[in-house]
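Here is a short briefing on one protein structure.

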Amino acid sequence: MKIVRFNEGRYGVLEGPWVYATEGPLGKRTGERYQLASVELLVPAEPSKIVAVGKNYLGHVREMGGEAPPQEPGLFLIAPNALLPHGGTIPYPSWTKELHYEGELAVVIGERMKKVPAEKALGYVLGYTAANDITARDRQKTDLQWVRAKSADGFLPLGPWIETDLDPSDLSVRTYVNGELRQEGKTSDMVFSVPEILAYISSFMTLCPGDVVLTGTPEGVGPLVVGDLVEVAVEGVGTLKNEVGRET
Ligand code: MG
C-alpha cells in the first residue's frame, strides 16, 4: 500500500492514478477520491525527529577518506524544518559553495519503539520512502557541528509517498542528476542493516510514530548547481524529484 499526504495535510492511499482519501495515515476511506495529478503532495510523514546514519556503505566510507567500516552506526540528527516534499525546490544558500546530493532509503516508524531487538524491529515500521540528505559539504567540514550543513530549511526532500509492503534488505537506491545516473547502491551492501540500525537507535532513544530514519548513502555523492533536477529512485517505492533553486 502507498500512503500519501496531500493538500492541507490530508492522508490517502494511492492506487494507480487515484488517491483515495483516508481518515489519518491508516484510517478508513472517506469515500472521496482525487486524480494524483490534481493533488499537491506533501512530505508523507510528520516526524518529531529524523535520525540519520552516516557512512553506512563501504564505497561511501572510502570516498570520504575512510578505510575501515564503522564499529557501530554513526548517527546524527536532522531537524524537521529541513523536510521538503516531492516537487519542492531545494534552496541553494549563499553560505555554501558545495551543495551535495545523497540519495537514501528512508524508514518511517509506525509504532513507539524502545529497546526493541533487531529480530523484532521491522514489525514497528510503517513503511519506506526515498530521501535526499542534502549536505553543505564545505560547511560540514568547517562548522563545529553539522546543524547548518544538514538541517537548513529544505535540505531534506522526502517522498513521494510511503510504501508499506516492502522488504528493505535488498533494494536498489539510485540518484540521477539531470537524468544522468550518479549513485547506484543496494541496501544489501549496507554496513548495518535496517533492523540493526533500528535496534541500535531504540536501545537509547525512543522512536515515535512518524519518526524518520535515514539509512546512509552509497558512493557517488557530488555537487549540485542551481537549475539541476535531482531524482532519488528507491526500488519498490518510486522516484523523489526536486529541482535546485537559488535561496530567496
Ligand atoms: Mg546521508
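Three protein residues donate to the magnesium ion: Glu102 (OE), Glu104 (OE) and Asp133 (OD), at 2.0 to 2.1 Å from it. Keep in mind that this is a predicted model. The points below start at the metal and move on to charge pairs, nonpolar cores and strand pairing.

**Metal site**

- Along the chain, the donors of the magnesium ion follow the spacing E-x1-E-x28-D.
- Glu104 sits in strand β10 (residues 103-109), while Asp133 sits in the loop between β11 (125-132) and β12 (135-136), so this pair ties together parts that are 29 residues apart in sequence.
- Glu104 is buried, because its relative accessibility is 1% and buried means under 20%.
- Asp133 also has 1% relative accessibility, so Asp133 counts as buried.
- Two of the donors also take part in charge pairing: a network of salt bridges links Glu102 and Asp133 with Arg137 and Lys150.

**Salt bridges**

- Side chains of opposite charge can pair when their charged atoms come close.
- The model holds 15 salt bridges.
- One of them joins Arg148 to Asp143, at 3.0 Å from N to O.
- Arg148 is partly exposed, at 31% relative accessible area.
- Another salt bridge joins Glu180 and Arg182, whose closest N and O atoms are 3.2 Å apart.
- Glu180 is partly exposed at 47% relative accessibility, and Arg182 is partly exposed at 31%.
- Lys186 pairs with Glu235 in a salt bridge, with 3.9 Å between the closest N and O atoms.
- Lys186 belongs to strand β15 (residues 180-186) and Glu235 to the loop between β18 (229-234) and β19 (238-246), so their pairing ties together parts that are 49 residues apart in sequence.

**Nonpolar cores**

- The largest nonpolar core contains 34 residues, and Leu198 and Leu207 have the most contacts inside it.
- Elements giving two or more residues to this core are β1 (2-6), β3 (18-22), β5 (50-54), β10, β11, α5 (194-202) and β18.
- The most comes from α5, which gives four residues.
- Domain 1 (1-40) and domain 2 (43-246) each supply at least three residues to this core.
- What does Leu198 touch, leaving aside residues up to four places away in sequence? Its contacts are Val107, Ile109, Met113, Ala121, Val125, Leu207 and Val213.
- Another core, of 33 residues, lies apart from this one and includes Tyr101, Leu214, Leu224 and Val244.

**A three-stranded sheet**

- Strands of a sheet pair through backbone hydrogen bonds, either parallel or antiparallel.
- Here, three strands make an open sheet with antiparallel pairing, in the order β12-β9-β17.
- β12 and β17 (222-223) are the edge strands, each with a single partner, so one side of each has no neighbour in the sheet.
- Strand β9 (residues 99-101) pairs with β17 over two bridges, in the antiparallel sense.
- Within this sheet, Tyr101 stands opposite Gly222 in β17.
- Tyr101 is also among the residues of the 33-residue core.

Technical notes: Residues are numbered from 1 along each chain as its sequence is written. This is a predicted model: local features need pLDDT of at least 70, side-chain atom pairs count only at pLDDT 80 or more; totals for chains, interfaces and linings use all residues. Side-chain values use heavy atoms; hydrogens and water are left out. Donors are N, O and S atoms within 2.8 Å of the metal (3.2 Å for Na, K and Ca); water is not among the atoms, so sites may look incomplete. Buried means under 20% relative accessible area, exposed over 50%, partly exposed in between (1.4 Å probe, protein chains only). A salt bridge is a side-chain nitrogen of Lys or Arg within 4 Å of a carboxyl oxygen of Asp or Glu. A nonpolar core is a set of buried Ala, Val, Leu, Ile, Met, Phe, Trp, Tyr and Cys residues joined through side-chain atoms within 4.5 Å. Domain bounds come from an automatic or database domain assignment. Contact means heavy atoms within 4.5 Å. Two strands pair if DSSP finds at least two bridges between them.
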